[in-house]
Amino acid sequence: MSATLPASIKLVAELEGHDDRAWHIAWNPKRPILASCSADKTVRMYNYRNNSSDSESPSTSSDTPALTFSHTTTIPTGHTKTVRAIAWSPSGKTLATASFDANIGIWAQEGDEEDEGEGAEGNGGGRGEWECMSLLEGHETECKSVAYSSSGTLLASCSRDKTVWIWEVHPDADFECMGVLMEHTQDVKCVAWHPKEEILASASYDDTIKLYLDDPQDDWFCATTLTGHSSTVWTLAWEPTDGKYLASGSDDGTIRIWKVTGGSGGGYGGEMRGECIFVLKGHKGSVYSISWSPGREGKEGHFALKEGQRSLGWLASTGGDGNVIIWHLFEYTDESGNVKIDSRELARLDAAHGVFEVNSLVWCPRQGLEDIFATAA
C-alpha cells in the first residue's frame, strides 16, 4: 500500500534497554537528547548525532544512518510504579515524569549550564547526574500525562482520579498548585497546552475533551467541552504554528480536528467554542497517540498543494493496530467563503513494532529534523 503513497517511512534506529513496556518518549527541544520512560520505572536518556550535511534531509541520507544514537544514562527515578509519561520544559533544562504512583518528579542535570548552546551535532548530553529537584504530590492515584506550557511557567498533570492539576513553576524547582479541575467524570488520559496561549486541553475516558482558561479575577475554569467521539479520547495535539485547530485521537478509531475560537488573548476573545470540522479515518483500532509537526521546510514540494490551499503540517498517528500513518493536512476556502480542512495520506508503516501495539509517537521539534519521529511500544 505504501508504494502508492507520496512518501515512505524509513527506520533510523531501534533503541533497546527497557525491561518492560516503553510508554512514552520526549525529544529535548534545545539539545540532542531523546528520553524514554517505561513500566520498569526508569527513564533512559539517549544522545543523537545528525550524520547529514546541512543541505541534506536526515531522512534521505543513503550512505549512513540519518541519526546515530548512544545511550548515556538510565535514571532509576525512585517512582514505585510505572513511569507513564514524560515532558521537557521549553528550556530543555528540566524533565517532568508522571507515574502510576500518583506523583510527578521534576528532574534537572548537574552543571547543565556548561552544555548550553550545543547544536544538533554536539553530544548535548551534559556531564552531571540527573537529580530529582522536586516531587509534586496531590493526585490520589495514577498520573497519566504531564505537559509544560509554551512559556514554561505552568505545568499541567492529569490522573485516573478524574482531576487535572495546574502548577505554577517558580525558581529553584519550586511549584505551586494554581488549580485542581474536577470537570471530567472519568479517568483523564491526556493534557496538552496551546502552542502560544495559556489554554489547556484535557482528554478523558468519559469520551470528552475539556478546554480551560485562567480567569485573572478568579481561578482556572472549564471554558468549553468538546463532544463527538463515541469512546475514550486518548490523545491530543494542537496545530503547532497558530494553534487554531486541535486534533484528538480516540478508542473509536478516528481522529477529529476541532476549530477552536473564542477565549482570552491572542485573538481568542469572547466565549470559547470548539467545532469538529474534519474526521480522519484509517486505523483499525484505538488511536493511542498523535503528534502534529509543521513539516520540514523544503519538503512540501513532494506533496504539492493546489492554488488556494495552505499547509497545516503533518499529523502522525498510531495505536492499537500497531500502524503509523502520516497525514498532510491543509485548509482552503470554499465557494461560499468558508474555511475547510482536507488531508492526504503521505505515508504508512504497518506493524511498526511487529505484533505489538504502539503506545506513543512524537515528532522531533528541532530545526532541520522535523521529519524525524520516535515511537514507543
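**Hairpins, pairings and edges**

Tutor: Let us begin with the hairpin of β11 and β12, which has three residues between the strands and in which D172 takes a positive phi near 60 degrees. This is a predicted model, in which local features need pLDDT of at least 70, side-chain atom pairs count only at pLDDT 80 or more, and totals for chains, interfaces and linings use all residues. Residues are numbered from 1 along each chain as its sequence is written, and side-chain values use heavy atoms, with hydrogens and water left out.

Student: What makes β11 and β12 a pair, and in which sense do they run?

Tutor: Two strands pair if DSSP finds at least two bridges between them, strands being DSSP runs (E, at least two residues) numbered from the N terminus. β11 and β12 (residues 174–181) have seven bridges in the antiparallel sense, so by that definition they pair. Within this pairing, W167 has C177 in β12 as its bridge partner.

Student: How many bridges join β10 to β11?

Tutor: Five bridges join β10 (residues 154–159) to β11 (residues 164–170), so this antiparallel arrangement also meets the definition of a pair. A156 stands opposite I166 in β11, and in this hairpin, with four residues between the strands, K162 takes a positive phi near 80 degrees.

Student: Why are β21 and β24 said to stand at the edges?

Tutor: The open sheet has four strands in the order β21-β22-β23-β24, with antiparallel pairing. β21 (287–293) and β24 (339–349) each have a single partner strand, so one side of each is left without a neighbour in the sheet.
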